[in-house]
Amino acid sequence: MSTAVTQDIRVTARSRYEAVHSDPRAGRFIFSYRITIANHGRETVRLKSRHWVILDSLADRREVEGPGVVGETPTLAPGEEFSYSSACDLRSGYGAMRGTYRMVRVSDKEEFDVRIPEMQLRSPYGAN
């Protein structure tokens with residue numbers, strides 16, 4: 001588990017190797033992850049977009065950007081949190097993910113980036 005706090009927004013990330021959906025001999029390693037975003041501030045915020053950097057020991061660095069997360073742009077009042085699950089594929093059994101969420105304060109429409117802590121992606125098979 002990894003945690004980062006930016007401007008009173010806490011992001012917790014957990015990853016897990018999905019052996020059932022992976023095929024190491026074919027170079028297909030699937031990792032699920034669960035993210036929890038908690039608003040520990042005094043203002044309501046909305047998640048606007050995401051930017052992921054995906055590192056794979058056997059492939060080029062990838063970047064993924066887009067609106068919201070899993071089709072949602074959650075609004076978090078003070079004290080609220082939002083959790084979601086998703087997945088990532090790698091060509092190797094070793095990599096990492098990190099990134100940012102673009103948030104907007106509802107009161108004044110000010111945008112700011114919140115750091116997503118780096119998650120290590122490791123299969124029991126190593127970097128095959």
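1. Y84 touches Y33, R34, I35, I37, W52, V69, V70 and Y101, leaving aside residues up to four places away in sequence, where contact means heavy atoms within 4.5 Å. The residue is found in strand β7, residues 81-90, strands here being DSSP runs of E of at least two residues and helices runs of H or I of at least four, numbered from the N terminus. Because its relative accessibility is 5%, Y84 counts as buried, a term that means under 20% relative accessible area with a 1.4 Å probe and protein chains only, as against over 50% for exposed and partly exposed in between.

2. This is a predicted model, in which local features need pLDDT of at least 70 and side-chain atom pairs count only at pLDDT 80 or more, whereas totals for chains, interfaces and linings use all residues. Residues are numbered from 1 along each chain as its sequence is written, and side-chain values use heavy atoms, with hydrogens and water left out.

3. Two further points concern the surroundings of Y84. Its side chain makes a polar contact of 2.5 Å with the side chain of Y101, a polar contact being a pair of N or O atoms within 3.5 Å of which, within protein, one must be able to donate a hydrogen and the other to accept it, and for which residues adjacent in sequence count only if both atoms are side-chain atoms. The C-alpha atoms of Y84 and I37 are separated by 8.9 Å, although these residues lie 47 residues apart along the chain.

4. The largest nonpolar core has 27 residues, and those with the most contacts inside it are I35, I37, W52, Y84 and Y101. Two or more residues are given to this core by each of β2 (9-17), β3, β4 (45-56), β7, β8 (94-105) and β9 (111-122). Such a core is a set of buried Ala, Val, Leu, Ile, Met, Phe, Trp, Tyr and Cys residues joined through side-chain atoms within 4.5 Å.

5. S32, placed in strand β3, residues 29-39, counts as buried because its relative accessibility is 17%. Its side chain is joined to that of E18 by a polar contact of 2.6 Å, and S32 touches R14, S15, R16, E18, S86 and A87, not counting residues up to four places away in sequence.

6. For the chain as a whole, the secondary structure comes to zero helices and nine strands, and buried residues make up 41% of the 128 residues. Among contacts between residues at least 6 apart in sequence, 67% join residues at least 24 apart. The C-alpha atoms fill a box of roughly 50 × 25 × 20 Å, taken along the principal axes.
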